[in-house]
Amino acid sequence: MSRKDKTERALPTPSRGYIAGSHTMRVLGRGGYELVSACLWPADCQSCGMPLGAARPALCLDDLGDGRSLYASLHHVTCRDPETGTTSAAVEAAEPCSWVARTLLLPLSGDEVPMMLINPGLEGVIVTRKSGRRPWQVILDPRYIAAGLASPGRGLQLDVPIAGALAAFTDTGDIVVGFPDTTLATVSAATEPRTRSAIRERGGIMLAVTHAVNPRDVATNRDLAPALESGQTRMGLAALASHNDLRTGSWTPPLAQIRRAEVRPTTRGEAAAKRQDFLAGTVFAAAVGVVTPEGPGTEDIQPLFVVYVRDDDTTYLPAPQIRQAFALLDEHGTVEASHRLMVATSWSVLDAPGGSPLAKLKLEFHAPFTGRCEVVLVADQHAQHLHHVAARSMIGITTQQRMTAATARPAATFADALDACVLISVAASPGLQMLIDTYGWQRR
Ligand SMILES: [Zn+2]
């Protein structure tokens with residue numbers, strides 16, 4: 001599942017509390033529970049990726065394996081049992097799925113500093129403590145510290161950019177911030193004209209990353225106080241750059257963020273409702289295929305997984321971004337188009353009685369245009385191909401007309417097939433792997 005910007009959607013407030021099992025309460029204590037609860041917002045379930053909705057979510061813990069840190073996250077109670085859901089097994093990474101970012105102008109020592117306030121994970125936080133007796137603390141993902149963000153108090157440099165973050169304007173005036181040397185996902189936010197000029201004047205934008213506030217709720221300077229006083233907020237100036245700079249180094253487009261995708265049967269009534277939610281506003285793939293290179297020297301080239309969409313309004317009404325991506329492909333060719341496209345992607349899956357298992361490819365475009373769309377596949381129809389994309393892979397999106405036109409001639413090459421596609425990198429999907437394992441879908 002992609003990390004989703006939850007800027008525009010109102011979320012229930014966390015004050016009504018979460019359902020915590022007895023083990024969770026024993027580990028966190030009342031104080032730890034209160035601390036964690038104040039830094040969580042119920043956006044999407046961290047198991048299935050679907051909205052948590054109005055029911056009280058389960059607060060579950062995972063051990064981060066360093067002997068003192070835990071990952072606390074929210075789930076549907078049907079996806080993860082609050083009583084048994086807390087594990088002592090170490091998890092590899094903690095990746096909450098929703099983020100919120102907004103820009104504002106912060107009056108600071110007689111100046112107005114353009115700032116991007118980022119909550120990098122609404123439904124999951126890392127808590128840590130120095131020893132068994134010390135109180136728990138919510139901390140930021142250490143990758144932000146590695147990128148150069150620092151405590152606001154200690155000699156924060158207003159004019160010296162940090163090494164690990166860059167910002168760029170999109171064609172629509174939004175600002176995108178990336179962390180080129182880390183696996184952290186990019187975030188973007190709209191900007192007002194005054195903020196844009198301030199960013200240009202300063203040559204960058206001040207980042208403030210925190211779990212302490214939901215940026216949606218910050219209207220004035222005073223609303224920022226809880227973040228600045230929390231001790232967990234980290235700040236730093238991201239220099240203004242071009243999109244190409246955002247891509248330098250080892251940085252690759254943002255990765256999928258499902259840390260664990262549990263696939264569990266639900267009851268039939270629930271299943272119908274879940275399917276409807278899962279399918280709302282999506283495009284159905286017309287077909288799926290794999291293009292395999294042949295000939296000497298091609299053994300190491302990964303086959304290309306291709307998702308075909310219909311060349312009509314059944315695709316372009318719910319997903320105008322796919323039409324825009326095709327226009328980019330037609331204008332610049334596949335290599336340049338994929339270079340210009342900045343898109344975060346991921347898979348989510350739905351496996352419930354009352355229908356075939358479904359897989360959904362989520363696409364969140366950051367540049368050169370913005371917007372989100374989703375393409376759904378009926379997973380068991382494409383069972384023999386899915387192993388190609390359960391691991392990190394490139395996928396192509398195209399129409400059958402485009403592919404036929406590119407590959408109909410007798411000497412058509414693998415490159416011709418690539419030329420027909422919008423190429424997108426997609427991270428490994430535990431959800432797809434779970435479907436493959438559950439149903440015993442083998443490579444053929
Ligand atoms: Zn769920």
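**Exercise 1. Burial of a strand**

Task: Determine how many residues of E12 are buried.

Solution. The model is a predicted one. Step 1: six of the six residues of E12 are buried, so this strand is largely enclosed by the rest of the structure.

**Exercise 2. Partners of the strands**

Task: State which strands are joined to E12, and in which sense they run.

Solution. Step 1: strand E6 (residues 111-119) runs parallel to E12, and four bridges join them. Within this pair, Leu117 lies opposite Ala208 of E12. Step 2: strand E13 (residues 234-240) is paired with E12 over six bridges in the antiparallel sense. Here Leu207 has Gly236 of E13 as its bridge partner.

Step 1: follow the pairing onward from E13. Three bridges connect E13 with E9, and these two strands run parallel; Leu166 stands opposite Ala239 in E13. Strand E9 (residues 161-169) is itself mostly covered, with seven of its nine residues buried. Step 4: E9 also pairs with strand E10 (residues 175-178), antiparallel and over four bridges, and Ala167 faces Val177 in E10. The hairpin of E9 and E10 has five residues between the strands, and Gly173 takes a positive phi near 90° in this hairpin.

**Exercise 3. An open sheet**

Task: Give the order of the four strands that form an open sheet, and name its edge strands.

Solution. Step 1: the order is E15-E16-E20-E21, with mixed pairing. Step 2: strand E15 (287-291) and strand E21 (422-426) each pair on one side only, and they are therefore the edge strands. Step 3: on average, neighbouring strands of this sheet are turned by 30° against each other, direction ignored. Step 4: E15 and strand E16 (residues 304-308) run antiparallel and are joined by five bridges; Val288 is placed opposite Val307 in E16.

**Exercise 4. A helix across the sheet**

Task: Is helix H8 straight or kinked?

Solution. Step 1: compare the spans. A straight helix of 21 residues would span 30 Å, whereas H8 spans only 17 Å between its end C-alpha atoms. Step 2: locate the bend. H8 has a kink of about 120°, centred on Gly333. Step 3: place the helix. H8 (residues 320-340) lies across strand E20 (393-398) and E21, at about 85° to E21. Step 4: list the buried residues of H8, which are Ile322, Ala325, Phe326, Leu329, Thr334, Ala337 and Ser338. These residues pack against helix H7 (313-316), strand E19 (371-378), E20, helix H11 (414-419) and E21.

**Exercise 5. Confidence**

Task: Where in the protein chain is confidence lowest, and where is it highest?

Solution. Step 1: the chain averages a pLDDT of 80, and 84% of the residues score at least 70. Step 2: the lowest confidence is in helix H5 (residues 243-246), with a mean of 58, and the highest is in strand E12 (residues 204-209), at 96. Step 3: examine two further stretches. Residues 88-93 have a pLDDT below 50, and this stretch has 10 contacts beyond near neighbours in sequence. Over residues 247-266 the pLDDT stays under 50, and the model has 74 contacts for them beyond four places in sequence.

Conventions:
Residues numbered from 1 in each chain as written. Predicted model: local features only at pLDDT ≥ 70, side-chain atom pairs only at ≥ 80, totals over all residues. Axes fitted to C-alpha atoms, helices over the stretch in contact; angles between N-to-C directions. Contact = placed C-beta atoms within 7 Å. Expected span 1.5 Å × (residues − 1). Bend = angle between axes of the 7 residues up to and from the residue. Buried ≥ 20, exposed ≤ 12 C-beta atoms within 10 Å, placed from the backbone. pLDDT = per-residue confidence, 0-100.
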